[in-house]
Amino acid sequence: MKFLLQILFIIVLGYILELFFPWWTIAIAAFVGGIVFNTRANFAAGFLAIALLWTLKALLIEYSAAAPLTDRVAMIFSLSKPLLFIVVAVIGGLVGGFAAMTGSALHKKKKSSYY
């Protein structure tokens with residue numbers, strides 16, 4: 001349950017940050033999600049959250065654009081459209097995964113005293 005909440009938190013925060021700031025603010029969203037939730041699967045949560053967010057945003061751009069933008073970008077990189085969406089998801093997912101893992105690494109752990 002905590003894992004799903006972390007994914008949802010990163011998606012919502014990343015979407016809000018990307019409305020006002022550059023693309024790299026997804027790393028800040030995943031970093032904060034890693035600090036706040038600190039689950040055992042921080043990399044997976046950050047990866048899945050940002051990969052889903054960027055895939056959904058890419059699909060929204062694809063279906064709402066008047067010009068065939070994704071066709072042109074796919075042609076520039078010599079990729080098919082589905083492969084372009086996969087590449088976008090993987091790049092965003094790696095950024096989110098490593099940022100969430102970094103946030104969890106900076107989370108202070110409780111020290112147990114033995115005396």
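From the N terminus onward, the elements of the protein follow the order α-α-α-α-α. The model is a predicted one, and it contains five helices and zero strands. Its C-alpha trace spans about 70 × 25 × 25 Å along the principal axes.

- Of the 115 residues in the protein, 32% are buried.
- The accessible surface of the protein amounts to about 7700 Å², and carbon and sulfur atoms account for 75% of that area.
- When contacts between residues at least 6 apart in sequence are considered, 77% of them join residues at least 24 apart.

**Nonpolar core**

- The largest nonpolar core comprises 11 residues: Ile 7, Ile 10, Ile 26, Ala 30, Ala 45, Ala 49, Ile 50, Leu 53, Trp 54, Ala 99 and Ala 100.
- Helices H1, H2, H3 and H5 each contribute at least two residues to this core.
- The most is given by H3, which supplies five residues.
- In soluble globular proteins, nonpolar side chains tend to be buried together.
- Ala 49 is in contact with Ile 7, Ile 10 and Ile 11, once its neighbours within four places in sequence are set aside.
- Trp 54, also listed in this core, has a relative accessibility of 15% and therefore counts as buried, the limit being under 20%.

**Aromatic pairs**

- Four aromatic pairs are found in a search of the whole structure.
- In one of them, the ring centres of Trp 23 and Trp 54 are 6.1 Å apart and the planes stand at 65°, so the pair is edge-to-face.
- Trp 23 lies in the loop between helix H1 (2-20) and helix H2 (25-37), while Trp 54 lies in helix H3 (residues 42-64), so this pair ties together parts that are 31 residues apart in sequence.
- A pair of aromatic rings is described by the distance of the centres and the angle of the planes.
- Phe 43, Phe 47 and Phe 98 are linked into a cluster by ring pairs.

**Nonpolar surface patch**

- A nonpolar patch on the surface is formed by Leu 83, Ile 86, Val 87, Val 90, Ile 91, Leu 94, Phe 98 and Met 101.
- Together these residues have about 650 Å² of accessible area.
- Leu 83, one of the patch residues, is found in helix H5, which covers residues 81-105.
- The relative accessible area of Leu 83 is 39%, so this residue is partly exposed.

**Loop residues with positive phi**

- Most residues other than glycine have a negative phi, and most peptide bonds are trans.
- Asn 38 is a residue other than glycine with a positive phi, near 50°.
- Asn 38 is located in the loop between H2 and H3, and its relative accessibility of 25% makes it partly exposed.
- Ser 78, which is not a glycine, likewise has a positive phi, of about 55°.
- The position of Ser 78 is in the loop between helix H4 (69-76) and H5.
- With a relative accessible area of 66%, Ser 78 is exposed, because the limit for that class is over 50%.

Note on methods:
Residues numbered from 1 in each chain as written. Predicted model: local features only at pLDDT ≥ 70, side-chain atom pairs only at ≥ 80, totals over all residues. Heavy atoms only, no water. Patch = residues over 30% accessible without salt bridge, like charges linked within 9 Å, V, L, I, M, F, W, Y side chains within 5 Å. Areas by Shrake-Rupley, 256 points an atom, 1.4 Å probe, with all protein chains shown as cover. Salt bridge = Lys/Arg side-chain N within 4 Å of Asp/Glu carboxyl O. Helix = DSSP H or I, 4+ residues; strand = E, 2+ residues; numbered from the N terminus. Buried < 20%, exposed > 50% of the residue type's maximum accessible area, 1.4 Å probe, protein only. Phe/Tyr/Trp six-rings, centres within 6.5 Å; stacked < 30°, edge-to-face > 60°. Core = buried A, V, L, I, M, F, W, Y, C linked by side-chain atoms within 4.5 Å. Contact = heavy atoms within 4.5 Å.
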